[in-house]
Amino acid sequence: MGSKSESKLAGQYIDAAIGLLGRVRDEEGGNVEAAGTLLADAVEAGGRLFAFGAGHSSLAAQDVVYRAGGLALMNLLAVPGVVGIDVMPATLGSALERVDGLAGAVLDSSPARPGDALVIISLSGRNSLPVEMAMNARALGLKVIGVTSVAYATETKSRHVSGTFLKDHCDVVIDSKIALGDAELSLDSVGAPFGPASSVVANTIMQAMTATAVELLAARGVEPPVLRSGNVDGGHDWNGKVFEEYGDRIFYRR
C-alpha cells in the first residue's frame, strides 16, 4: 500500500470556507432572518417565490428550486444564456450580464406579480443584469432579497448606467463576505489565486433563509409547502399533493 498524503491546501480551503460561513452566521444572522421573513410573508399571503442568478451565481438559485427539503413555491427566474454555463462560448454569458434592458424584458414576460418575492444572487452585484433586475422587480411591487459581496461595492465600479449596485435596490441584503476576486488560496509558484468559495457561501445562505421561512410558517400555523425526496417511500405521493394544492404558484412543472 502506498503512503497516504494529505493536501495542506485542501485543509486551508475548508478552513477558509468554514470561516466565511461563521462570519455570515455571526454578522448576517439578522439579515438572513429578515430574508426568511419576507419569504414566509409571501407564502402566507398567497404570493410566489423566485430566485435569479447569472453565471455561477445561478447555481445557488437552482439549488433551491424543485429541491427535496425545499419550498415547492421557489421558482427559477431564468434569463436565456446566463443560467450557469449554458452557452458557447462561455464568455457570451458574461457579456449578456452587461446588456441593458435584458432584465426588464425577462420580468415583463415572467409570471412575477406584486406581492411575490425575488432572491437575486450576484457575487459582485455590479453588472447591469442583477442591478436592473432588482430595480424593475421593486417597481413591479416585488420584495427583493440580494445575496452579494458588499466589498465589491466599495472596491469596484458599477457597470450599470445608474452607477449603483445590487445592494442599493433590495429590501434585504445579505453580505456573503467574499473578498474581491473570490479566491481563498495562493501559491508562489502559481500566477493566479485560486479556491473560490462564493458558491459554498451563497448556497448555504439560500438554505438558511429557506429554513427560517419554514420555521416561521410553522410557528404561524401554516403548513410549509416543503418537498420530500422522491427516493424515499411515499415521497412522490407527498409531492403530488403539494403540487396539486399549490399548482397555480409553481411554474417549473409547466
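Trainee: What is the volume of the largest pocket, and what makes an open space a pocket?

Mentor: In this predicted model, the largest pocket has a volume of about 660 Å³, the space filled by probe spheres set on the joined grid points. A pocket is an open set of points on a 1 Å grid where a 1.4 Å probe fits, with protein on both sides within 12 Å along at least five of seven lines. Local features need pLDDT of at least 70 and side-chain atom pairs 80 or more, whereas totals for linings use all residues. Residues are numbered from 1 along each chain, and side-chain values use heavy atoms, without hydrogens and water.

Trainee: Which residues line the largest pocket nearest its centre, and which element gives the largest share?

Mentor: Of 33 lining residues (an atom within 4 Å of a point), A54, H56, S57, E97 and L123 lie nearest the centre. β1 (49-53), α4 (91-96), β4 (143-148) and α8 (198-219) each give two or more residues, and the largest share, three, comes from α8. Helices here are DSSP runs of H or I with at least four residues, and strands are runs of E with at least two. By class, the lining has 14 nonpolar, 15 polar and four charged residues.

Trainee: Why are α2 and α8 called oblique?

Mentor: Helix α2 (residues 29-44) packs against α8 at about 55°, with the axes 7 Å apart. Angles under 35 degrees count as roughly parallel, over 145 as roughly antiparallel, 65 to 115 as roughly perpendicular and the rest as oblique, so α2 and α8 are oblique to each other. Residues of α2, including V32, L39 and V43, meet residues of α8, among them A208, M209 and L216, where contact means heavy atoms within 4.5 Å. By class, this contact of α2 with α8 has 10 nonpolar, three polar and two charged residues.

Trainee: At what angle does α1 pack against α8, and which residues make the contact?

Mentor: Helix α1 (residues 8-27) and α8 pack at about 35°, with their axes 10 Å apart. Y13, A17, L20, L21 and V24 of α1 meet V200, V201, T204 and I205 of α8, a contact with eight nonpolar, one polar and no charged residues.

Note on methods. Nonpolar A, V, L, I, M, F, W, Y, C, P; charged D, E, K, R; others polar. Axes fitted to C-alpha atoms, helices over the stretch in contact; angles between N-to-C directions.
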